[in-house]
Amino acid sequence: MSSTLITRIGTLVTNDPALGDGGPLGLIEDAALVLDGGTVAWAGRAADAPDADERHDAGGRAVIPGFVDSHSHLVFAGDRTAEFNARMSGRAYSAGGIRTTVAATRAASDSELEANLTHYLDEALRQGTTTFETKSGYGLTVADEARALRIAARHTEEVTYLGAHIVSPDFAEDPAAYVALVTGEMLDACAPHARWVDVFCEKGAFDGDQARAVLTAGMAKGLVPRVHANQLTYGPGVQLAVELDAASADHCTHLTDQDVDALASGSTVATLLPGAEFSTRAEWPDARRLIDAGVTVALSTDCNPGSSFTSSVPFCIALAVRDMGMTPDEAVWSATAGGAAALRRTDIGRLSPGARADLAVLDAPSHVHLAYRPGVPLVREVWRRGARAV
């Protein structure tokens, strides 16, 4: 592949403090990038840029790393409009609504599920997302969970086995038997298609002991844990995630001081999902408390048909700044480098030499406009692996 010089960048977010100003964002004004094949070869001031085979003029616009959406649920069928409408009319959110999506997903064909997945991936790409994680969890049978992961794996490396989303309706009277299935036959069928194992550790889903059994069984098969933790209530999810060195504890809405201390002392990333709080009218996670304690924070969409039906990382950035105590710089970092940390990746979430050439060009002079102009489609171009995709 030929090399490309992207020049006349107004503000470049590198997420490499050694390259520029602005703390962890490593900001460079009047900047340029050289992409060589699928990687970043050079980043710096436009006046110092080396030659390249091709030239692309950014027109004074801001350039940021492509968003890393480290938590989504995109293999599903149907929607839950009626549930959302009822919730916005006063009904409380609970974990049980997942069963509606389970029924629709089981009834859908493979081609229908894949078409739905690619629709939302294209939607996310147009909004700047260049890497995404997605999960199973809406089949809850051996065959349906395995096919969800096979479909997902055709579109991303970041595939998560979530057979333990809720107890399958087929096992409503015998949760222990369902845990045995999730940690046995279902795991055997799903592990070859996944990188991660996850569990919804929550009232109405799986308690601490059940969650530990699911995660440790997955780890024994070579899967790396991540945990839906402390979304609806205080509970053992965060502590379990840190104890097992999970890559991420996701939601983190209801935290004790001990939970925050545990996250700060370990390597587990706290992934915050403000779309869920927006769509359920729930209490916002306190990002400021976590950041001030030294916890690594990621922002993600949690795109799913029940509790956060958005694929827009820019929308989540605006929510995090407005309602979760994050600065615009912190929110952009968390949606890029933070998401990469939640996936234990060092090749994405930054625009410095050696990184994958995934980037978004904003129709604005600064990344701050993502929070400053909420709801405006600011992503003008998206480049993935060194080639323009949007």
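The model is a predicted one, so local features need pLDDT of at least 70 and side-chain atom pairs count only at pLDDT 80 or more, while totals for chains, interfaces and linings use all residues. Residues are numbered from 1 along each chain as its sequence is written, and side-chain values use heavy atoms, with hydrogens and water left out.

Helices first. Helix α5 (residues 175–183) packs against helix α7 (residues 208–220) at an angle of about 15°, and the two axes sit 9 Å apart. Helices here are DSSP runs of H or I with at least four residues, strands are E runs of at least two, and both are numbered from the N terminus. The axes are lines fitted to C-alpha atoms, for helices over the stretch in contact, and angles between N-to-C directions run from 0 to 180 degrees. That makes α5 and α7 roughly parallel to each other (under 35 degrees is roughly parallel, over 145 roughly antiparallel, 65 to 115 roughly perpendicular, and the rest oblique). Their crossing is right-handed, a label used if the near helix is turned clockwise from the far one by less than a right angle, with anticlockwise being left-handed. On the α5 side the contact (heavy atoms within 4.5 Å) involves P175, V179, V182 and T183, and on the α7 side Q210, A213, V214 and A217. By class, that contact has 6 nonpolar, 2 polar and no charged residues. Ala, Val, Leu, Ile, Met, Phe, Trp, Tyr, Cys and Pro count as nonpolar, Asp, Glu, Lys and Arg as charged, and the others, Gly among them, as polar.

The other pair is α12 (residues 313–323) and α13 (residues 328–342), whose axes come within 9 Å and cross at roughly 140°. α12 and α13 are therefore oblique to each other, and this crossing is right-handed. V313, I317 and V321 of α12 meet P328, A331, V332 and A335 of α13. The α12 and α13 contact has 7 nonpolar residues, with no polar and no charged ones.

The structure holds 3 cavities of 30 Å³ or more. On a 1 Å grid over the protein atoms alone, a cavity is a set of points where a 1.4 Å probe fits but cannot get out, a pocket is an open set with protein on both sides within 12 Å along at least five of seven lines, and lining residues have an atom within 4 Å of a point. Points are joined across faces, edges and corners, and a volume is the space filled by probe spheres set on them. The largest cavity has a volume of about 90 Å³; of its 13 lining residues, Y93, I98, H165, N304 and S307 are the closest to its centre. Its lining has 4 nonpolar, 7 polar and 2 charged residues. The second largest cavity holds about 50 Å³, and its largest share of lining, 3 residues, comes from α3.
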